[in-house]
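This report covers strand pairing, the nonpolar core, aromatic pairs and salt bridges. The sequence and structure come first.

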Amino acid sequence: MKKTVFLIAALLSFGLLSAQLPFNFGLKAGFTTSKLSTDRDEIKEQFKANFQGGAFVRLGLKTHLQPEVNFVTKGGLLDRKDVLEQEEIRFSTLEIPILLGREVIDLKVAKIRVVAGPTMSFVLDKKINIREDIGELKKEDISNKLEYALWGIQLGAGIDVLMLTLDVRYEWGLNDLIADPNITMRNSMFNVSVGWKIL
């Protein structure tokens with residue numbers, strides 16, 4: 001009941017806010033490179049290239065709030081001295097960033113802005129390709145111990161030209177991907193996206 005009341009209140013607040021502020025809605029797509037960082041000396045981490053797509057809402061002009069819903073593939077490649085083949089941990093996520101932006105330069109035909117804010121990702125699908133145990137962590141346990149809610153912080157900059165938007169961001173993972181005391185593993189990601197303001 002409390003969750004329902006909170007959701008209704010949030011939707012009403014959003015509706016009132018969007019009625020009072022300049023409002024944009026758009027679609028976006030882009031390129032990402034993500035990497036896993038661990039505390040294991042025997043593991044060398046490599047970036048993995050992927051794509052992303054989603055939608056965004058922008059409320060405000062010079063200072064704006066920009067919530068998004070994106071489908072993003074995260075994870076990375078792992079090289080280990082005792083394993084001949086490259087290993088991979090990859091997961092498809094529904095990502096929800098809530099960013100605060102500020103216009104810093106107005107070039108008339110183009111506007112440059114900075115953005116920052118938290119993001120939460122829900123794991124929808126996963127691919128675990130680990131051939132050997134990682135220290136005390138059994139390879140068959142990795143899939144079962146993978147967290148399904150991931151928190152992060154995004155920081156970046158963007159440029160708007162008419163109805164087009166270009167964003168460049170970096171994301172730092174805040175929580176461990178695997179719920180196990182024997183390893184620390186977090187995700188970081190660099191992404192470039194192009195958006196089109198439909199409204």
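This is a predicted model: local features need pLDDT of at least 70, side-chain atom pairs count only at pLDDT 80 or more; totals for chains, interfaces and linings use all residues.

His64 sits opposite Gly101 of strand 5. A hairpin of 6 residues joins strand 4 to strand 5.

Strand 5 also pairs with strand 6 (residues 111-129), again in the antiparallel sense. Here there are 16 bridges. Arg90 stands opposite Lys127 in strand 6. The hairpin between strand 5 and strand 6 has 4 residues between the strands. In that turn, Lys108 has a positive phi of about 70°.

## Glu87 in strand 5

Glu87 belongs to strand 5. Its relative accessible area is 0%, so Glu87 counts as buried. The Glu87 side chain makes a polar contact with the side chain of Arg80, at 2.7 Å.

Beyond its neighbours within four places in sequence, Glu87 contacts Gly76, Leu77, Leu78 and Arg80, among others. Its contacts also include Asn129, Ile130, Arg131 and Glu132.

## The largest nonpolar core

The largest nonpolar core contains 16 residues. Those with the most contacts inside it are Leu78, Ile89, Ile142, Leu177, Ile178 and Met185.

## Aromatic pairs

The whole structure holds 2 aromatic pairs. In one, the ring centres of Phe31 and Phe51 are 6.3 Å apart, and the planes meet at 75°, so the pair is edge-to-face. This pair links distant parts of the chain: Phe31 is in strand 1 (residues 23-38) and Phe51 in strand 3 (residues 48-60), 20 residues apart. Phe31 is partly exposed at 36% relative accessibility. Phe51 is exposed, at 64%.

The rings of Tyr170 and Trp172 also pair, with centres 4.8 Å apart. Their planes lie at 65°, so this pair too is edge-to-face. Tyr170 is partly exposed at 27% relative accessibility. Trp172 is partly exposed at 41%.

## Salt bridges

The count comes to 19 salt bridges. One of them joins Glu68 to Arg169, with the closest N and O atoms 2.7 Å apart. Glu68 is in strand 4 and Arg169 in strand 8 (residues 164-173), 101 residues apart. Both Glu68 and Arg169 are buried.

Glu88 forms a salt bridge with Lys127, with 3.7 Å between the closest N and O atoms. Glu88 lies in strand 5 and Lys127 in strand 6, so this bridge ties together parts 39 residues apart in sequence. Glu88 is buried at 9% relative accessibility. Lys127 is partly exposed at 36%. Lys127 is also the residue that stands opposite Arg90.

## A salt-bridge network

Asp167 is buried, as is Arg169.

Glu68, Asp167 and Arg169 belong to a network of salt bridges. The network also takes in Lys28, Arg58, Arg113, Asp160 and Lys197.

Notes
Residues are numbered from 1 along each chain as its sequence is written. Side-chain values use heavy atoms; hydrogens and water are left out. A nonpolar core is a set of buried Ala, Val, Leu, Ile, Met, Phe, Trp, Tyr and Cys residues joined through side-chain atoms within 4.5 Å. Buried means under 20% relative accessible area, exposed over 50%, partly exposed in between (1.4 Å probe, protein chains only). Two strands pair if DSSP finds at least two bridges between them. Helices (H or I, at least four residues) and strands (E, at least two) are DSSP runs, numbered from the N terminus. A polar contact is a pair of N or O atoms within 3.5 Å; within protein, one must be able to donate a hydrogen and the other to accept it, and residues adjacent in sequence count only if both atoms are side-chain atoms. Contact means heavy atoms within 4.5 Å. Rings of Phe, Tyr and Trp (its six-membered ring) pair if their centres lie within 6.5 Å; planes under 30 degrees apart count as stacked, over 60 as edge-to-face and the rest as tilted. A salt bridge is a side-chain nitrogen of Lys or Arg within 4 Å of a carboxyl oxygen of Asp or Glu.
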